[in-house]
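I opened this notebook to record what I looked up in one structure and in what order. The entries run from the whole fold to single residues.

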Amino acid sequence: MRVGGVIAFLAIGALTACGAPQADQDPYNPAYQGVETHLLDGDLVNFRVAMKGARASRDVDAYAECAAAQYALIRGYGFARHVRTNVYEEGGLWRGDAVYTISAALPRGLKTIDAEVTAMACAENGIPMV
């Protein structure tokens, strides 16, 4: 293909992309239904979250993570480590059941969060916290 042909091909592709919005580009309008926290044992905390309008389980995970970050800060801790999250959806209502450990020092493990940084990101993204 010649250079002119490549440019024409790219221009047609760009114009096609400017067409009608795709179904997966619908606006994201979550409705956060609240957070319940339960101290399980010492530094182990259970977060139960509910929301409508989630695109996938990752949105519910993010909501629970925001709750964990704020909870850690409220308790005077700087970090949290994700233990597990179970997510399910029924009739448009998404629920998450997450467990985190909270700690003053960076915990061992791969799924750790800096509570202050995470809480700031949650606020910027409009995700409510505890």
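The entries below begin with the ground rules and then turn to the fold, the sheet, the helices and the core.

**Ground rules.** I am working with a predicted model, so I noted that local features need pLDDT of at least 70 and that side-chain atom pairs count only at pLDDT 80 or more, while totals for chains, interfaces and linings use all residues. Residues are numbered from 1 along each chain as its sequence is written, and side-chain values use heavy atoms, with hydrogens and water left out.

**Overall fold.** I looked up the secondary structure and found three helices and five strands, where helices (H or I, at least four residues) and strands (E, at least two) are DSSP runs numbered from the N terminus. Along the sequence these elements follow the pattern α-β-β-α-β-β-β-α. Of the 130 residues in the protein, 28% are buried; I use buried for under 20% relative accessible area, exposed for over 50% and partly exposed for what lies in between, with a 1.4 Å probe and protein chains only. The accessible surface comes to about 8,400 Å², and 55% of it belongs to carbon and sulfur atoms; the areas come from the Shrake-Rupley method with a 1.4 Å probe, and for residues only the protein chains shown count as cover. I also checked the contacts (heavy atoms within 4.5 Å), and among those with a separation of 6 or more, 63% join residues 24 or more positions apart.

**The sheet.** In what order do the strands of the sheet lie? The order is β1-β2-β4-β3-β5 in an open sheet with antiparallel pairing, two strands being paired if DSSP finds at least two bridges between them. Because β1 (31-41) and β5 (112-114) stand at the edges with a single partner strand each, one side of each is left without a neighbour in the sheet. The twist averages 30 degrees from one strand to the next; axes here are lines fitted to C-alpha atoms, for helices over the stretch in contact, and angles run from 0 to 180 degrees between N-to-C directions.

**Strand by strand.** I followed β1 into β2 and counted nine bridges in the antiparallel sense, with Gly34 partnered by Ala50 and Asp41 by Leu44. The hairpin of these two strands has two residues between them, and Gly42 takes a positive phi near 60 degrees there. From β2 to β4 there are again nine bridges, also antiparallel, and Asn46 has Val99 as its bridge partner in β4. Helix α3 (residues 115-124) lies across β3 and β5, running at about 75 degrees to β5.

**Helix α2.** I checked the span of α2 (residues 57-74), which has 18 residues and reaches 26 Å from its first C-alpha to its last, close to the 26 Å expected at 1.5 Å a residue; the expected span is 1.5 Å times one less than the number of residues. After α2 comes Gly76, whose phi is positive, near 85 degrees. The buried residues of α2 include Asp59, Val60, Tyr63 and Ala64, and what covers the buried residues includes β1, β2 (44-52), β3, β4 (93-103), β5 and α3.

Is Asp59 buried or exposed? Asp59 is buried, with a relative accessible area of 7%, and, leaving aside neighbours within four places in sequence, Asp59 is in contact with Tyr28, Met51 and Ala54. Ala64 is buried as well, at a relative accessible area of 1%, and touches Val49, Ala98 and Tyr100, not counting residues up to four places away in sequence. I also noted that Ala64 and Thr85, 21 residues apart in sequence, are 8.4 Å apart in space, C-alpha to C-alpha.

**The core.** The largest nonpolar core has 24 residues, and those with the most contacts inside it are Phe47, Met51, Val60, Tyr100 and Ile102; such a core is a set of buried Ala, Val, Leu, Ile, Met, Phe, Trp, Tyr and Cys residues joined through side-chain atoms within 4.5 Å. At least two residues of this core come from each of β2, α2, β4 and α3, and α2 supplies the largest share, nine residues.
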